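Please view the sequence and the model before reading on.

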Amino acid sequence: MPHRPAVPLSRRALLRAGGAAVAATALGGTGLKAPDAGALKPGLAGPEPITSTGDLVEVELVAKQRMQRILPEPAEPSPLITYADHFPGPIIRMRKGQRLRATLVNELDEHTSVHWHGIRLPNLEDGVPYLTQPPTRPGERHVYEFTPPDAGSFFFHPHCNTVELLGRGLAGVLIVEEPDAPKFDADLVCLVKDWQLDKTGRFGAFTTDRGASRAGTFGSVSTVNGAIEPVIEVPTNGDIRARLYNIDSTRVVDLRVEGAEAWIIAVDGNPLPPRPLDGWPMGPAMRIDVLFRAPAKAGQTLRLTNVYSAEPRPLATFRAVGPARPNKRFKPRALPASAIPEPDLKDAPIVPMAFSATAVAQSFAPDVLAGLPYADALCLSAKTFWAINQQSWPEGGHEHLPPPLVTLEKGRSYIFELANLTPHLHPIHIHGYTFRVLSSDGRKVVPHHADTVLLEPKERLRVAIKADNPGDWMFHCHIIEHQDTGMMGYIRVA
């Protein structure tokens with residue numbers, strides 16, 4: 001396919017993805033069901049996973065447009081962009097210690113890459129065009145190869161034109177299984193995502209200036225694993241591990257399992273001493289692993305709901321099927337501890353990171369963006385509304401990308417003070433690291449490890465890392481429109 005030329009000021013037009021304007025009536029949560037949603041098989045909640053019993057797991061990720069039905073008839077199937085034949089997919093399951101070799105095959109009409117979200121991997125494998133690798137052009141292939149050092153629930157997605165490509169479904173799941181984890185009766189993958197669809201099944205605008213400069217442009221159709229209120233089968237009286245992902249570009253969710261006692265056992269794939277699932281808001285890109293007991297009788301149901309709204313919003317139903325498992329009294333069980341390097345807080349310098357709106361929204365002329373030597377219109381926005389430490393992406397002249405937000409000394413520990421100077425939520429993500437969430441000036445924080453943390457309005461939150469992974473690492477808000485319009489930079493570890 002020919003490479004699409006970089007035309008900066010037409011980029012927003014591309015984000016319409018062939019769709020008409022979004023219908024005013026939101027479809028998610030209305031009880032509409034796509035006819036192929038059906039009951040997902042027990043223990044899976046998604047397509048068959050990719051697994052391997054050897055030391056090497058190999059997978060081919062073919063990025064291209066595929067038609068898939070999200071809305072029921074008379075709507076048409078929607079033009080998704082995916083890595084596999086069906087969304088969600090692929091689901092890669094591997095054991096800790098196995099090596100992953102993933103080949104990206106680009107069948108899009110634009111360049112792309114794969115960012116492995118949440119993995120402490122070598123910088124060259126991080127998948128950020130221009131910063132860590134050349135972009136993979138249409139018709140090209142790129143091989144990623146690394147051994148994930150941590151078990152957990154991770155995912156992957158592109159890092160240019162993300163607002164459109166992720167909006168159309170370009171994401172996959174990577175699960176690294178613990179060798180000595182407790183045994184569960186089912187291990188579910190539940191991807192929560194909204195879609196920006198009109199009533200005909202066509203995509204609308206993925207971003208607007210109003211949304212980008214505020215809380216984001218919200219989708220109109222809420223799904224789990226690409227289905228509207230699916231029924232997910234679980235083994236009767238079984239202990240269920242549900243890996244709950246928020247892979248939306250904008251929406252914050254706070255999930256509940258109605259009708260069962262549910263416990264959080266991991267955050268962003270990192271083990272957490274079990275705590276009740278009674279309030280853990282998840283911004284885009286955040287994940288929690290939850291443990292609950294399925295109903296004791298076949299046919300009984302539980303509901304997965306989002307309570308981060310005026311009224312609880314049903315997302316999916318868990319239905320008990322098959323003979324009852326012989327489990328006794330339900331008791332939450334902890335996952336084995338991870339081996340994430342612990343920062344030395346005693347001598348750690350404090351690094352201020354202020355997340356703010358720009359003083360004046362900036363617009364960049366086409367010749368300005370085209371003149372940047374290490375980026376193009378797919379990776380940079382024509383407008384900026386946001387900044388980190390008063391620095392927007394891009395800023396600082398018309399000839400070069402911004403300098404690092406900060407340069408850290410390899411091997412030293414640091415405390416980042418994340419200050420939200422805006423009235424909006426910002427899920428802040430660091431590449432290549434898992435940080436330790438320490439404290440907040442506005443709320444009680446459960447200390448935990450994470451790769452993305454939800455920063456509340458006017459909050460100052462402290463997180464810490466041990467800077468042991470050298471390279472240039474992106475640091476940004478994971479509300480994609482905020483990332484696209486300035487709230488992004490990188491830290492250098494050298």
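## Terms and model

Strands here are DSSP runs of E with at least two residues, numbered from the N terminus. The structure is a predicted model.

## Histidine 157

H157 lies in strand β8, which spans residues 152-157. H157 counts as buried because its relative accessibility is 1%, and the cut-off for buried is under 20%.

Which residues does H157 touch, apart from its neighbours within four places in sequence? The contacts of H157 are Y83, S113, V114, H115, H117, T162, L166, L170, A171 and H478. With H478 there is also a polar contact between the side chains, at 3.5 Å.

## Strands β10 and β11

Strand β10 covers residues 186-195 and runs antiparallel to β11, with 4 bridges joining the two. Within β11, S222 has D194 opposite it.

Are the faces of strand β11 (residues 221-224) covered or open? Both are covered. V221 and T223 are buried on one side, while S222 and V224 are buried on the other.

## Cysteines and disulfides

A disulfide is a covalent bond between the sulfur atoms of two cysteines. How many disulfides does the structure hold? The number is 0.

Methods:
Residues numbered from 1 in each chain as written. Predicted model: local features only at pLDDT ≥ 70, side-chain atom pairs only at ≥ 80, totals over all residues. Heavy atoms only, no water. Buried < 20%, exposed > 50% of the residue type's maximum accessible area, 1.4 Å probe, protein only. Polar contact = N/O pair within 3.5 Å; in protein donor to acceptor, adjacent residues only side chain to side chain. Contact = heavy atoms within 4.5 Å. Pairing = 2+ DSSP bridges. Disulfide = S-S within 2.5 Å.
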